[in-house]
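User: I am new to this structure and would like a close look at one part of it. Please take me through that part step by step, then place it in its wider setting.

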Amino acid sequence: MKRFLRSPLLWTFVLSFVLLLAVGGWLLTDPATSRSEALKTGGVAGAAIVALYALWLNDRRRRVEERRQEVERQRQELELRRADQDRDRISDERFAKAVELLGHDADQVRVGALHALAGLARGRELYRQTVLDILCSYLRRPFKHPRYKDTAKRAGNTAPKEGTAEEDQELQVRQTAQRLIGELLPAADSEGTPGYDLDLTGAVLEYFDLSDRKIGRLLLRYGGLYSSTNLSGCVFLGPVYLTGAGTKEDKRIGYFRCDNAKFEQRAWFSGVQFSEDAEFRGTVFAGETSFKDSVFAKDAIFADAEFKGTLDLRRARFEGFAELSFRETPGTVSLYNTSVEPARDHELPADWSVETLPDGRARLTMKDI
(Lines give C-alpha, C1' and ligand atoms only; values in the text may rest on other atoms or scores of the structure.)
Protein backbone atom coordinates (compact mmCIF):
# COMPACT_ATOMS: atom_id res chain seq x y z
CA MET A 1 0.00 0.00 0.00
CA LYS A 2 2.81 2.42 0.86
CA ARG A 3 4.55 1.63 -2.43
CA PHE A 4 1.31 2.37 -4.31
CA LEU A 5 0.91 5.71 -2.51
CA ARG A 6 4.46 6.64 -3.57
CA SER A 7 3.74 5.87 -7.22
CA PRO A 8 4.28 8.88 -9.56
CA LEU A 9 1.37 7.68 -11.68
CA LEU A 10 -1.09 7.93 -8.75
CA TRP A 11 0.01 11.46 -7.89
CA THR A 12 -0.18 12.44 -11.54
CA PHE A 13 -3.81 11.43 -11.72
CA VAL A 14 -4.52 13.10 -8.37
CA LEU A 15 -2.87 16.34 -9.52
CA SER A 16 -4.69 16.14 -12.85
CA PHE A 17 -8.05 15.67 -11.09
CA VAL A 18 -7.34 18.50 -8.64
CA LEU A 19 -6.36 20.79 -11.54
CA LEU A 20 -9.52 19.81 -13.39
CA LEU A 21 -11.65 20.77 -10.40
CA ALA A 22 -9.67 23.94 -9.68
CA VAL A 23 -9.68 25.28 -13.24
CA GLY A 24 -13.28 24.18 -13.85
CA GLY A 25 -14.48 25.68 -10.57
CA TRP A 26 -12.62 28.95 -11.18
CA LEU A 27 -14.13 29.32 -14.65
CA LEU A 28 -17.63 28.58 -13.36
CA THR A 29 -17.41 31.68 -11.20
CA ASP A 30 -17.45 33.68 -14.42
CA PRO A 31 -21.10 34.12 -15.53
CA ALA A 32 -19.94 34.44 -19.18
CA THR A 33 -18.45 30.91 -19.18
CA SER A 34 -20.74 27.97 -19.73
CA ARG A 35 -20.46 24.78 -17.70
CA SER A 36 -19.31 22.75 -20.74
CA GLU A 37 -16.57 25.25 -21.58
CA ALA A 38 -15.38 25.22 -17.97
CA LEU A 39 -15.24 21.41 -17.87
CA LYS A 40 -13.51 21.33 -21.25
CA THR A 41 -10.83 23.81 -20.19
CA GLY A 42 -10.31 22.02 -16.88
CA GLY A 43 -9.96 18.72 -18.75
CA VAL A 44 -7.29 20.20 -21.00
CA ALA A 45 -5.35 21.44 -17.97
CA GLY A 46 -5.59 18.02 -16.32
CA ALA A 47 -4.57 16.25 -19.54
CA ALA A 48 -1.52 18.50 -19.78
CA ILE A 49 -0.30 17.12 -16.47
CA VAL A 50 -0.79 13.56 -17.75
CA ALA A 51 1.07 14.44 -20.97
CA LEU A 52 3.97 15.89 -19.01
CA TYR A 53 4.15 12.70 -16.98
CA ALA A 54 4.15 10.65 -20.20
CA LEU A 55 7.04 12.72 -21.58
CA TRP A 56 8.99 12.32 -18.36
CA LEU A 57 8.32 8.58 -18.34
CA ASN A 58 9.43 8.25 -21.98
CA ASP A 59 12.63 10.18 -21.26
CA ARG A 60 13.32 7.96 -18.28
CA ARG A 61 12.85 4.84 -20.39
CA ARG A 62 15.18 6.28 -23.03
CA ARG A 63 17.92 6.93 -20.46
CA VAL A 64 17.48 3.45 -19.01
CA GLU A 65 17.80 1.97 -22.50
CA GLU A 66 20.92 4.03 -23.20
CA ARG A 67 22.49 2.87 -19.95
CA ARG A 68 21.59 -0.72 -20.81
CA GLN A 69 23.16 -0.39 -24.25
CA GLU A 70 26.29 1.18 -22.74
CA VAL A 71 26.57 -1.69 -20.27
CA GLU A 72 26.12 -4.17 -23.13
CA ARG A 73 28.78 -2.40 -25.21
CA GLN A 74 31.22 -2.47 -22.31
CA ARG A 75 30.48 -6.14 -21.78
CA GLN A 76 31.15 -6.91 -25.46
CA GLU A 77 34.39 -4.91 -25.38
CA LEU A 78 35.46 -6.84 -22.29
CA GLU A 79 34.70 -10.14 -24.05
CA LEU A 80 36.65 -9.00 -27.11
CA ARG A 81 39.62 -8.03 -24.95
CA ARG A 82 39.46 -11.39 -23.22
CA ALA A 83 39.27 -13.14 -26.60
CA ASP A 84 42.26 -11.12 -27.85
CA GLN A 85 44.20 -11.98 -24.72
CA ASP A 86 43.35 -15.66 -25.15
CA ARG A 87 44.37 -15.51 -28.80
CA ASP A 88 47.61 -13.75 -27.91
CA ARG A 89 48.31 -16.33 -25.21
CA ILE A 90 47.66 -19.21 -27.60
CA SER A 91 49.77 -17.56 -30.31
CA ASP A 92 52.61 -16.98 -27.88
CA GLU A 93 52.47 -20.60 -26.77
CA ARG A 94 52.48 -21.80 -30.41
CA PHE A 95 55.36 -19.47 -31.18
CA ALA A 96 57.45 -20.63 -28.23
CA LYS A 97 56.75 -24.29 -28.98
CA ALA A 98 57.62 -23.90 -32.69
CA VAL A 99 60.88 -22.12 -31.88
CA GLU A 100 61.75 -24.88 -29.42
CA LEU A 101 61.09 -27.56 -32.07
CA LEU A 102 63.53 -25.92 -34.50
CA GLY A 103 66.28 -27.62 -32.50
CA HIS A 104 64.72 -31.08 -32.77
CA ASP A 105 66.85 -33.88 -34.19
CA ALA A 106 64.19 -35.08 -36.65
CA ASP A 107 64.09 -33.07 -39.89
CA GLN A 108 60.33 -33.54 -40.32
CA VAL A 109 59.77 -31.96 -36.91
CA ARG A 110 61.89 -28.97 -37.88
CA VAL A 111 59.94 -28.62 -41.14
CA GLY A 112 56.68 -28.74 -39.18
CA ALA A 113 57.98 -26.04 -36.83
CA LEU A 114 58.84 -23.81 -39.79
CA HIS A 115 55.34 -24.23 -41.22
CA ALA A 116 53.83 -23.52 -37.81
CA LEU A 117 55.76 -20.26 -37.60
CA ALA A 118 54.75 -19.32 -41.13
CA GLY A 119 51.09 -20.03 -40.35
CA LEU A 120 51.33 -17.87 -37.26
CA ALA A 121 52.84 -15.03 -39.31
CA ARG A 122 50.05 -15.27 -41.89
CA GLY A 123 47.35 -15.12 -39.25
CA ARG A 124 48.93 -12.44 -37.06
CA GLU A 125 50.64 -9.59 -38.89
CA LEU A 126 52.34 -8.66 -35.63
CA TYR A 127 54.50 -11.78 -35.91
CA ARG A 128 55.48 -11.37 -39.58
CA GLN A 129 58.82 -9.60 -39.10
CA THR A 130 59.71 -11.74 -36.07
CA VAL A 131 59.06 -14.98 -37.96
CA LEU A 132 61.10 -13.73 -40.92
CA ASP A 133 63.94 -12.92 -38.54
CA ILE A 134 63.80 -16.47 -37.16
CA LEU A 135 63.78 -18.04 -40.63
CA CYS A 136 66.76 -15.91 -41.61
CA SER A 137 68.51 -16.82 -38.37
CA TYR A 138 68.01 -20.51 -39.15
CA LEU A 139 69.55 -20.02 -42.59
CA ARG A 140 72.52 -18.19 -41.07
CA ARG A 141 73.51 -21.33 -39.19
CA PRO A 142 76.74 -22.83 -40.54
CA PHE A 143 76.01 -25.41 -43.21
CA LYS A 144 78.19 -27.37 -45.60
CA HIS A 145 77.27 -29.92 -48.22
CA PRO A 146 79.45 -31.93 -50.63
CA ARG A 147 77.56 -30.50 -53.61
CA TYR A 148 78.95 -27.06 -52.76
CA LYS A 149 82.58 -28.16 -52.96
CA ASP A 150 82.41 -28.58 -56.71
CA THR A 151 81.85 -25.03 -57.93
CA ALA A 152 81.89 -26.01 -61.62
CA LYS A 153 78.56 -25.73 -63.39
CA ARG A 154 76.85 -29.09 -63.86
CA ALA A 155 76.22 -30.12 -67.46
CA GLY A 156 72.65 -30.73 -68.58
CA ASN A 157 70.39 -32.35 -66.01
CA THR A 158 73.18 -34.01 -64.08
CA ALA A 159 72.09 -34.72 -60.51
CA PRO A 160 74.02 -32.85 -57.83
CA LYS A 161 76.35 -34.69 -55.51
CA GLU A 162 74.62 -36.32 -52.57
CA GLY A 163 75.69 -35.93 -48.98
CA THR A 164 75.06 -37.94 -45.86
CA ALA A 165 71.50 -38.58 -44.74
CA GLU A 166 71.79 -35.84 -42.13
CA GLU A 167 73.20 -33.36 -44.64
CA ASP A 168 70.47 -34.07 -47.20
CA GLN A 169 67.76 -33.82 -44.55
CA GLU A 170 69.10 -30.50 -43.31
CA LEU A 171 69.24 -29.28 -46.91
CA GLN A 172 65.52 -30.00 -47.28
CA VAL A 173 64.75 -28.10 -44.10
CA ARG A 174 66.77 -25.10 -45.27
CA GLN A 175 65.08 -25.04 -48.67
CA THR A 176 61.73 -25.09 -46.89
CA ALA A 177 62.82 -22.04 -44.88
CA GLN A 178 63.87 -20.29 -48.09
CA ARG A 179 60.52 -20.97 -49.73
CA LEU A 180 58.56 -19.78 -46.71
CA ILE A 181 60.48 -16.50 -46.68
CA GLY A 182 59.38 -15.86 -50.26
CA GLU A 183 55.77 -16.73 -49.42
CA LEU A 184 55.64 -14.41 -46.40
CA LEU A 185 56.93 -11.37 -48.28
CA PRO A 186 54.28 -9.15 -49.94
CA ALA A 187 54.03 -8.95 -53.71
CA ALA A 188 56.11 -6.26 -55.38
CA ASP A 189 53.04 -4.53 -56.82
CA SER A 190 50.97 -4.61 -53.61
CA GLU A 191 49.93 -1.23 -52.27
CA GLY A 192 49.96 -0.24 -48.61
CA THR A 193 52.10 -3.19 -47.55
CA PRO A 194 55.35 -2.71 -45.63
CA GLY A 195 58.75 -3.90 -46.73
CA TYR A 196 60.10 -6.49 -44.32
CA ASP A 197 63.82 -6.69 -43.55
CA LEU A 198 65.92 -9.77 -44.23
CA ASP A 199 69.26 -10.40 -42.53
CA LEU A 200 71.00 -13.30 -44.29
CA THR A 201 74.57 -12.29 -43.51
CA GLY A 202 76.87 -15.25 -44.18
CA ALA A 203 73.96 -17.55 -45.08
CA VAL A 204 74.39 -20.49 -47.44
CA LEU A 205 71.49 -20.56 -49.91
CA GLU A 206 70.63 -22.63 -52.94
CA TYR A 207 67.96 -21.91 -55.55
CA PHE A 208 67.03 -18.81 -53.58
CA ASP A 209 63.97 -17.23 -55.22
CA LEU A 210 62.41 -13.97 -54.05
CA SER A 211 61.21 -12.85 -57.47
CA ASP A 212 58.43 -10.25 -57.63
CA ARG A 213 58.51 -9.56 -53.90
CA LYS A 214 58.66 -6.35 -51.89
CA ILE A 215 61.57 -6.24 -49.46
CA GLY A 216 62.74 -3.64 -46.97
CA ARG A 217 66.44 -3.92 -46.12
CA LEU A 218 68.41 -6.89 -47.42
CA LEU A 219 71.69 -7.94 -45.82
CA LEU A 220 73.51 -10.74 -47.62
CA ARG A 221 77.12 -9.95 -46.84
CA TYR A 222 79.60 -12.81 -47.28
CA GLY A 223 76.84 -15.21 -48.25
CA GLY A 224 76.95 -18.17 -50.60
CA LEU A 225 74.34 -18.32 -53.35
CA TYR A 226 74.61 -21.67 -55.07
CA SER A 227 73.03 -22.97 -58.29
CA SER A 228 70.81 -19.96 -59.07
CA THR A 229 69.41 -16.90 -57.35
CA ASN A 230 66.36 -15.05 -58.63
CA LEU A 231 65.65 -11.49 -57.46
CA SER A 232 63.95 -10.42 -60.69
CA GLY A 233 61.03 -8.03 -60.32
CA CYS A 234 61.82 -7.27 -56.68
CA VAL A 235 61.26 -3.86 -55.14
CA PHE A 236 63.83 -3.07 -52.46
CA LEU A 237 62.55 -0.24 -50.26
CA GLY A 238 65.64 -0.17 -48.04
CA PRO A 239 69.37 -0.49 -48.63
CA VAL A 240 70.77 -3.70 -50.07
CA TYR A 241 74.18 -5.07 -49.07
CA LEU A 242 75.79 -8.08 -50.78
CA THR A 243 79.29 -6.94 -49.85
CA GLY A 244 81.83 -9.75 -50.19
CA ALA A 245 79.23 -12.34 -51.16
CA GLY A 246 80.70 -15.40 -52.84
CA THR A 247 84.21 -14.87 -51.51
CA LYS A 248 84.42 -16.02 -47.90
CA GLU A 249 85.28 -19.65 -47.06
CA ASP A 250 85.05 -20.74 -50.72
CA LYS A 251 81.48 -19.54 -50.99
CA ARG A 252 80.29 -18.81 -54.50
CA ILE A 253 77.49 -17.06 -56.33
CA GLY A 254 75.94 -19.09 -59.12
CA TYR A 255 73.61 -17.88 -61.83
CA PHE A 256 72.36 -14.52 -60.56
CA ARG A 257 69.15 -13.03 -62.01
CA CYS A 258 68.00 -9.57 -61.01
CA ASP A 259 66.08 -8.36 -64.07
CA ASN A 260 63.56 -5.51 -63.89
CA ALA A 261 64.12 -4.98 -60.18
CA LYS A 262 64.10 -1.64 -58.40
CA PHE A 263 66.55 -0.52 -55.73
CA GLU A 264 65.10 2.59 -54.11
CA GLN A 265 68.09 3.16 -51.86
CA ARG A 266 71.74 2.11 -51.79
CA ALA A 267 72.70 -1.07 -53.66
CA TRP A 268 76.09 -2.34 -52.50
CA PHE A 269 77.61 -5.19 -54.54
CA SER A 270 81.22 -4.34 -53.72
CA GLY A 271 83.65 -7.25 -53.59
CA VAL A 272 81.14 -9.78 -54.94
CA GLN A 273 82.38 -12.89 -56.79
CA PHE A 274 79.89 -13.77 -59.55
CA SER A 275 80.95 -17.24 -60.66
CA GLU A 276 78.22 -17.54 -63.33
CA ASP A 277 76.21 -15.11 -65.45
CA ALA A 278 74.90 -12.02 -63.66
CA GLU A 279 71.84 -10.38 -65.23
CA PHE A 280 70.46 -6.94 -64.38
CA ARG A 281 68.30 -6.24 -67.47
CA GLY A 282 66.03 -3.24 -67.05
CA THR A 283 66.85 -2.84 -63.37
CA VAL A 284 66.54 0.61 -61.82
CA PHE A 285 69.16 1.72 -59.28
CA ALA A 286 67.72 4.86 -57.66
CA GLY A 287 70.46 5.38 -55.06
CA GLU A 288 74.18 4.93 -54.75
CA THR A 289 75.37 1.78 -56.49
CA SER A 290 78.70 0.05 -56.08
CA PHE A 291 80.30 -2.92 -57.85
CA LYS A 292 83.74 -1.93 -56.63
CA ASP A 293 86.23 -4.84 -56.55
CA SER A 294 83.56 -7.23 -57.87
CA VAL A 295 84.44 -10.03 -60.29
CA PHE A 296 82.16 -11.15 -63.13
CA ALA A 297 83.61 -14.53 -64.12
CA LYS A 298 81.04 -15.03 -66.89
CA ASP A 299 78.69 -12.65 -68.72
CA ALA A 300 77.51 -9.43 -67.02
CA ILE A 301 74.26 -8.17 -68.53
CA PHE A 302 73.16 -4.62 -67.69
CA ALA A 303 71.14 -3.97 -70.85
CA ASP A 304 68.60 -1.16 -70.38
CA ALA A 305 69.56 -0.74 -66.71
CA GLU A 306 69.14 2.71 -65.22
CA PHE A 307 71.39 4.34 -62.63
CA LYS A 308 69.88 7.49 -61.12
CA GLY A 309 72.66 7.93 -58.55
CA THR A 310 76.37 7.24 -58.63
CA LEU A 311 77.94 4.08 -60.07
CA ASP A 312 81.21 2.79 -58.65
CA LEU A 313 83.08 0.26 -60.85
CA ARG A 314 86.55 0.78 -59.45
CA ARG A 315 88.73 -2.30 -59.79
CA ALA A 316 85.78 -4.35 -61.02
CA ARG A 317 86.71 -7.20 -63.39
CA PHE A 318 84.61 -8.32 -66.34
CA GLU A 319 86.16 -11.63 -67.35
CA GLY A 320 83.35 -12.56 -69.74
CA PHE A 321 81.08 -10.54 -72.01
CA ALA A 322 80.09 -7.12 -70.61
CA GLU A 323 76.71 -5.85 -71.80
CA LEU A 324 76.73 -2.30 -70.42
CA SER A 325 74.30 -0.62 -72.80
CA PHE A 326 72.50 1.28 -70.05
CA ARG A 327 69.15 2.94 -70.60
CA GLU A 328 70.81 6.14 -69.51
CA THR A 329 74.47 6.73 -68.74
CA PRO A 330 74.97 7.41 -65.00
CA GLY A 331 75.76 10.99 -64.11
CA THR A 332 78.73 10.02 -61.92
CA VAL A 333 80.82 6.94 -62.73
CA SER A 334 84.07 5.71 -61.20
CA LEU A 335 86.13 3.53 -63.61
CA TYR A 336 89.52 3.33 -61.93
CA ASN A 337 91.29 0.11 -63.09
CA THR A 338 88.02 -1.40 -64.31
CA SER A 339 89.27 -4.34 -66.38
CA VAL A 340 87.54 -6.21 -69.21
CA GLU A 341 88.40 -9.20 -71.37
CA PRO A 342 90.29 -7.77 -74.38
CA ALA A 343 89.25 -10.58 -76.72
CA ARG A 344 85.50 -9.86 -76.38
CA ASP A 345 83.45 -7.27 -78.24
CA HIS A 346 81.68 -5.61 -75.35
CA GLU A 347 78.54 -3.45 -75.50
CA LEU A 348 79.43 -0.09 -73.92
CA PRO A 349 77.89 3.38 -73.55
CA ALA A 350 78.72 5.79 -76.36
CA ASP A 351 81.28 7.75 -74.32
CA TRP A 352 83.08 4.66 -72.98
CA SER A 353 85.94 2.84 -74.64
CA VAL A 354 88.30 -0.08 -74.08
CA GLU A 355 91.98 0.75 -73.57
CA THR A 356 94.49 -2.04 -74.15
CA LEU A 357 97.39 -2.00 -71.72
CA PRO A 358 101.02 -2.95 -72.54
CA ASP A 359 100.74 -6.21 -70.59
CA GLY A 360 97.82 -7.35 -72.76
CA ARG A 361 95.07 -6.53 -70.27
CA ALA A 362 92.31 -4.03 -71.05
CA ARG A 363 90.41 -1.51 -69.01
CA LEU A 364 87.37 0.71 -69.43
CA THR A 365 87.80 4.44 -69.82
CA MET A 366 85.59 7.39 -70.59
CA LYS A 367 86.41 9.42 -73.67
CA ASP A 368 86.25 12.75 -71.86
CA ILE A 369 88.86 11.63 -69.29
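How are α4 and α5 oriented to each other: roughly parallel, roughly antiparallel or roughly perpendicular?

Analyst: A word on the source first. This is a predicted model.

Start with the two helices. Helix α4 covers residues 107–123. Helix α5 covers residues 128–139. They pack at an angle of about 155°. Angles over 145 degrees count as roughly antiparallel. α4 and α5 are therefore roughly antiparallel to each other. Their axes lie 8 Å apart. The crossing has a hand as well: α4 passes α5 in a left-handed crossing.

Now look at the residues that meet. On the α4 side they are Arg110, Leu114, Leu117, Ala118, Ala121 and Arg122. On the α5 side they are Arg128, Val131, Ile134, Leu135 and Tyr138. By type, the residues of this contact divide into 8 nonpolar and 3 charged, with no polar ones. Arg110 and Arg122 come from α4, and Arg128 comes from α5.

Follow the chain on from α5. The loop between α5 and α6 (165–184) holds Thr164. Is Thr164 buried or partly exposed? Thr164 has a relative accessible area of 39%, so it is partly exposed. Thr164 and Pro146 are 18 residues apart along the chain. Their C-alpha atoms are separated by 8.8 Å.

Next, the wider setting. The protein has 369 residues, and 41% of them count as buried. It contains 6 helices and 23 strands. Consider contacts between residues at least 6 apart in sequence: 40% of these join residues at least 24 apart.

What does Asp312 touch, leaving aside its neighbours within four places in sequence? The contacts are Thr289, Ser290, Phe291, Lys292 and Ser334.

Aromatic rings come next. The whole structure has 25 aromatic pairs. One of them joins Phe280 and Phe285, with ring centres 6.1 Å apart and planes at 45°, so this pair is tilted. Phe280 and Phe285 are both buried. Another pair is Phe296 with Phe302. Here the ring centres are 6.1 Å apart and the planes stand at 80°, so the pair is edge-to-face. Phe296 and Phe302 are both buried too.

Tyr222 sits in the loop between β3 (214–219) and β4 (224–230). Its phi is near 55°, a positive value in a residue other than glycine. Tyr222 has 37% relative accessibility, so it counts as partly exposed. Asn337 is found in the loop between β20 (332–334) and β21 (339–340). Phi of Asn337 is also near 55°, again positive in a residue other than glycine. At 37% relative accessibility, Asn337 counts as partly exposed.

Back to the part you asked about. α4 and α5 are roughly antiparallel, with axes 8 Å apart. Their contact has 8 nonpolar and 3 charged residues.

Definitions and conventions. Residues are numbered from 1 along each chain as its sequence is written. This is a predicted model: local features need pLDDT of at least 70, side-chain atom pairs count only at pLDDT 80 or more; totals for chains, interfaces and linings use all residues. Side-chain values use heavy atoms; hydrogens and water are left out. Axes are lines fitted to C-alpha atoms, for helices over the stretch in contact, and angles run from 0 to 180 degrees between N-to-C directions. Helices (H or I, at least four residues) and strands (E, at least two) are DSSP runs, numbered from the N terminus. Angles under 35 degrees count as roughly parallel, over 145 as roughly antiparallel, 65 to 115 as roughly perpendicular and the rest as oblique. A crossing is left-handed if the near helix is turned anticlockwise from the far one by less than a right angle, and right-handed if clockwise. Contact means heavy atoms within 4.5 Å. Ala, Val, Leu, Ile, Met, Phe, Trp, Tyr, Cys and Pro count as nonpolar, Asp, Glu, Lys and Arg as charged, and the others, Gly among them, as polar. Rings of Phe, Tyr and Trp (its six-membered ring) pair if their centres lie within 6.5 Å; planes under 30 degrees apart count as stacked, over 60 as edge-to-face and the rest as tilted. Buried means under 20% relative accessible area, exposed over 50%, partly exposed in between (1.4 Å probe, protein chains only).
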